[in-house]
Every structure is written in structure tokens, then in C-alpha cells.
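Let's take a friendly walk through this model. Have the sequence and the 3D view ready as you read.

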Amino acid sequence: MEHRLGACRHPNAALKLDRKKHFLSGAEQSPLVQSGCGNGLIDALLFVNAFYLAWLAGKALRKTPIRDTLWRLCRYAVVVPTKVRPLDVRCAATRATRCIGRLGGLDSCLTRSLVIARLLRDRDNVSLCLGFMPADDPGMAITGHAWVCIDGTNISDKTSGFATTQVVETNRLELRNYR
Amino acid sequence: MSDVVPANLAAHLRKGDGGPTLLPDGSGVYVDLDGNKVLSLSKTGVALVQQIQSGVDGLDALAQALEGRFDVAFPQALEDTEAFVAELNRILCTAD
């Protein structure tokens, strides 16, 4: 049970520990990862959708601007329960992008945020945000970050993440424009 | 080089995703979402882009703005402005 509690805080670690059990069994759900329906099938469904979207996003982002990639993701139908919690979506997207990364794809905050944004698109006030922070040394590349907000609250990063403290938001894409 | 900012560059900077965003250290970021490009700008670069976006087209006028704001002589400011505008034009308005 302990590793399940960690599954949401450290999805990658959970993946290593008990991937098969976690994704295929609905039993022993942690309160942190339990969906509104209390059904492990919801998590599995979210993961399958997230994996598919993350694969598409990783492929598209290599050649396509972000807006076009988001449009491309929005063209694909996904099955998302209406009462699913953003936390569950974040967990599924994180696991999916980590898996994609291990398979040679693009595992980045942008991929993850695109997936989360697409899965939560039909909710009110969902936005995909992009931001940057200064480089540590002059001449070095600046650091970018992407995250998803609902009603202005970052739901794709942990509250202790650097995104909430140092990154300055530069762009915000409202998902209602992509329905 | 022409003594004005190229029309396509001026149009590009004025059309869309807002001005450069200032970072805490005074530098800036200009994100071209459609072109899939991110430019990291120095303080001087931020000032020049803001001037162009506000409607200043002449390189002389841009250099004068730099001269007034930063501690730089006009000839140096003009030279830097020409180089910056040429580089900006190459990055933003030239297909990859």
C-alpha cells in the first residue's frame, strides 16, 4: 500500500515498483490516486488516452508549432469521464510521458502539459501556460516551462515546483478556443 | 542597409503574441508561437523590440532611443541597432 501512496507523488517510482498491478488492478487504490468513480478502470482509461496523446504530441512537436500541435491533439477523440479529478489526469499524463520517454519519445513538461490540457479541455477556464526564467549565467540558454492552469491555479506541477516561484509566464492558451 | 526596420519584421513584431516579457534580471523573452521560436533578449534588445512594437521604424530613431536610455554613443548605438535588426529579421522572417 505504501508504494501506492507514492504513486501520485512519484509516478515514475510507482511505475518501477508495480506497474502491472497498478494499471491493471482496480484494487487497493490510494486516496491520492483514487478517481471520483473509485474505479481503477478510470485510471487505466486515462493512462491509455494520455499515452496516445503523448505519443502524438511528441511526434508533432518536433515539426509543428505549439498551437498547431494543440489543434492536432484536439482533433482526436478521447474518452474522459466527466467527474475525473485534475490530479488523476496529471498522474496519468506524467506516467504516460515517462513511458514515452523511455521508449525514445519526448518526455517534457510541454508534452505533459499538452496532454493534460487536451484531457481537461472541456472544463471551464483551462489554460496552457508557457513561461521562462533567466539563465544562471549570461550567454547560457534560458529555461522554459509549460504548465496547465484551471481558474488560474497550476494543476500540473507540485506546489513546491520551481514553476510557481521563478518562471515568468509569457504566453497563455485558453483551451475553450480549441473546442 | 536600409535606414528603416524591414516592413515584414515590423509587421511580425506588431501583429501577435504581445511584447517581450521581462524577466527578473532585466532581460526578456520574445515567444513566436506561430514560428515556433523563442528569442532571449538582452536589456537593449528588449528596448529595441518595444520601440519597434510601439511604431518606431527608423533606425536613427531607434538608436537615439538607445542613446537616451543606455550609456552609449550614437554611432555605436546605430551600429548595434542595425546589427540587431538584421539578426532579428533573419531569425523571425526567414524560413528555416
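Here is a short tour of a core, a helix pair and a chain contact.

## The nonpolar core

First things first: this is a predicted model. Its largest nonpolar core holds 59 residues. Six of these touch the most other members: Ala50(A), Ala57(A), Ala96(A), Val115(A), Ala117(A) and Leu128(A). Helix H3 of chain A, residues 40-61, gives this core its largest share, with ten residues.

Leaving out residues up to four places away in sequence, Ala50(A) touches Ala92(A), Ala93(A), Ala96(A), Val115(A) and Leu119(A).

## Two helices in chain B

Two packed helices are described by the angle between their axes and the distance between the axes. In chain B, helix H3 (residues 59-69) packs on helix H4 (residues 74-93) at about 120°, and their axes are 8 Å apart. H3(B) and H4(B) are therefore oblique to each other, and their crossing is right-handed.

Who meets whom here? H3(B) brings residues including Leu59(B), Leu62(B), Ala63(B) and Leu66(B), while H4(B) brings, among others, Phe74(B), Ala77(B), Leu78(B) and Val85(B). Sorted by class, this contact has eight nonpolar, two polar and three charged residues.

## Where the chains touch

How many residues of chain A are in contact with chain B? Twelve residues of chain A are in contact with 14 residues of chain B. On the chain A side, the elements that give two or more residues are helix H4 (66-75), strand E1 (126-133) and strand E4 (168-174). By class, that side of chain A has eight nonpolar, three polar and one charged residues.

Key: Residues numbered from 1 in each chain as written. Chains lettered and ligands numbered in written order. Predicted model: local features only at pLDDT ≥ 70, side-chain atom pairs only at ≥ 80, totals over all residues. Core = buried A, V, L, I, M, F, W, Y, C linked by C-beta atoms within 7 Å. Buried ≥ 20, exposed ≤ 12 C-beta atoms within 10 Å, placed from the backbone. Helix = DSSP H or I, 4+ residues; strand = E, 2+ residues; numbered from the N terminus. Contact = placed C-beta atoms within 7 Å. Axes fitted to C-alpha atoms, helices over the stretch in contact; angles between N-to-C directions. Parallel < 35°, antiparallel > 145°, perpendicular 65-115°, else oblique. Left-handed = near helix turned anticlockwise from the far one by under 90°. Nonpolar A, V, L, I, M, F, W, Y, C, P; charged D, E, K, R; others polar.
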